[in-house]
Amino acid sequence: MARTIGSDGEKTQAAIHLAARRLIAKVGYEAMSMRQLAEKVGVQAAALYRYHPTKQDLLFAVMRDHMDRLLAAWNAESQSLADPLDRLGAFIRFHIRYHVERRDDVHIANMELRSLQNDKLAILVDLRAIYENELRLILEDGAKARQFDIDDIPLTTRAIIAMTTGVNVWFRPDDRLTVTQIAEKYVTMGLRLVGAKNFATKDMGE
């Protein structure tokens, strides 16, 4: 008989989400079974359905949780920042650090969006747009203040998102540069990309 985690519902749900993230990142959403997940968590398979009636509900909950935490973390990070130059630098550092530290979440968010259906897909697409729009607003404010020289703000927004998210794919802990050093170099590249004027960045070196 499967071992139970206890009567604490929040603790059990957290354990379900953690195990689900690891399994989905490893084998993919389609290949993961609820029975397999139950074994990893240490509960009866039927117990999973008390928290998530369907496998689709589980995937949505995991992905929604990631986006909610991402948006909340950026909101806390950016509260005291007003200048577009400072905000852009902070966004790039935040994006790289946050995503490198949560590789399973990022992999699922990028690879399994296609697995969501109908209203669940629409909600996640909207949340991703909200996060991307945070960067777009920074670029718009910088352009209005004549701190940035940007021909196409939507395209530049996507370029920076793609550039910084890419670090998550190739970075390894034994890389010649630390995450902090990489982030600083990407800040410099990002500021050059937007044609930032009168900025100075600290070269973290190799």
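Buried residues make up 44% of the 206 residues in this protein, where buried means under 20% relative accessible area, exposed over 50% and partly exposed in between, computed with a 1.4 Å probe on protein chains only. This is a predicted model: local features need pLDDT of at least 70, side-chain atom pairs count only at pLDDT 80 or more, and totals for chains, interfaces and linings use all residues. Residues are numbered from 1 along each chain as its sequence is written, and side-chain values use heavy atoms, with hydrogens and water left out.

## Overall fold

The protein has 10 helices and 0 strands. Helices (H or I, at least four residues) and strands (E, at least two) are DSSP runs, numbered from the N terminus. Along the sequence the pattern reads α-α-α-α-α-α-α-α-α-α. The C-alpha atoms fill a box of roughly 65 × 40 × 30 Å, taken along the principal axes. Consider contacts, meaning heavy atoms within 4.5 Å. Among those between residues at least 6 apart in sequence, 69% join residues at least 24 apart.

## Helices H4 and H7

Two packed helices are described by the angle between their axes and the distance between the axes. For H4 and helix H7 (residues 118-144), the angle is about 15 degrees and the axes are 10 Å apart. Axes here are lines fitted to C-alpha atoms, for helices over the stretch in contact, and angles run from 0 to 180 degrees between N-to-C directions. H4 and H7 are therefore roughly parallel to each other. The cut-offs are under 35 degrees for roughly parallel, over 145 for roughly antiparallel and 65 to 115 for roughly perpendicular, with the rest oblique. The crossing of H4 and H7 is left-handed: the near helix is turned anticlockwise from the far one by less than a right angle, whereas clockwise would be right-handed.

H4 contributes residues including Phe-60, Met-63, Met-67, Leu-71 and Trp-74 to the contact. From H7 come, among others, Ile-123, Leu-127, Tyr-131, Glu-134 and Ile-138.

## Aromatic pairs and charges over rings

Rings of Phe, Tyr and Trp (its six-membered ring) pair if their centres lie within 6.5 Å; planes under 30 degrees apart count as stacked, over 60 as edge-to-face and the rest as tilted. By this rule there are 4 aromatic pairs. One of them joins Trp-74 and Phe-94 in a tilted arrangement, at 5.4 Å centre to centre and 50 degrees between the planes. Trp-74 lies in helix H4 (residues 55-78) and Phe-94 in helix H5 (residues 84-100), so the pair ties together parts that are 20 residues apart in sequence. Both Trp-74 and Phe-94 are buried. Ring pairs link Trp-74, Phe-91, Phe-94, Tyr-98 and Tyr-131 into a cluster.

Charged groups also sit over rings. The test is NZ of Lys or CZ of Arg within 6 Å of the ring centre and within 35 degrees of the ring normal.

| Charged residue | Ring | Distance to ring centre |
|---|---|---|
| Lys-55 | Tyr-29 | 4.6 Å |
| Arg-102 | Tyr-98 | 3.6 Å |

Tyr-98 belongs to the aromatic cluster and has Arg-102 over its face.

## Two buried residues

His-52 lies in the loop between helix H3 (45-51) and H4. At 7% relative accessibility, His-52 counts as buried. Leaving aside neighbours within four places in sequence, His-52 is in contact with Gln-13, Ile-16, His-17, Met-34, Asp-57, Leu-58 and Ala-61.

Ile-161 sits in helix H8 (residues 153-165). Its relative accessible area is 16%, so Ile-161 is buried. With neighbours within four places again set aside, Ile-161 contacts Phe-91, His-95, Tyr-131, Glu-132 and Leu-135. The C-alpha atoms of Ile-161 and Leu-135 are separated by 8.4 Å, at 26 residues apart along the chain.

Leu-18 lies in helix H1 (residues 9-27). It is partly exposed, at 34% relative accessible area. From Leu-18 to Ile-92 is 74 residues in sequence and 27 Å in space, C-alpha to C-alpha.

Asn-118 is not a glycine, yet has a positive phi of about 50 degrees. Asn-118 is found in helix H7 and is exposed, with a relative accessible area of 66%. Arg-146, also a residue other than glycine, has a positive phi near 60 degrees. Arg-146 is found in the loop between H7 and H8. At 69% relative accessibility, Arg-146 counts as exposed.
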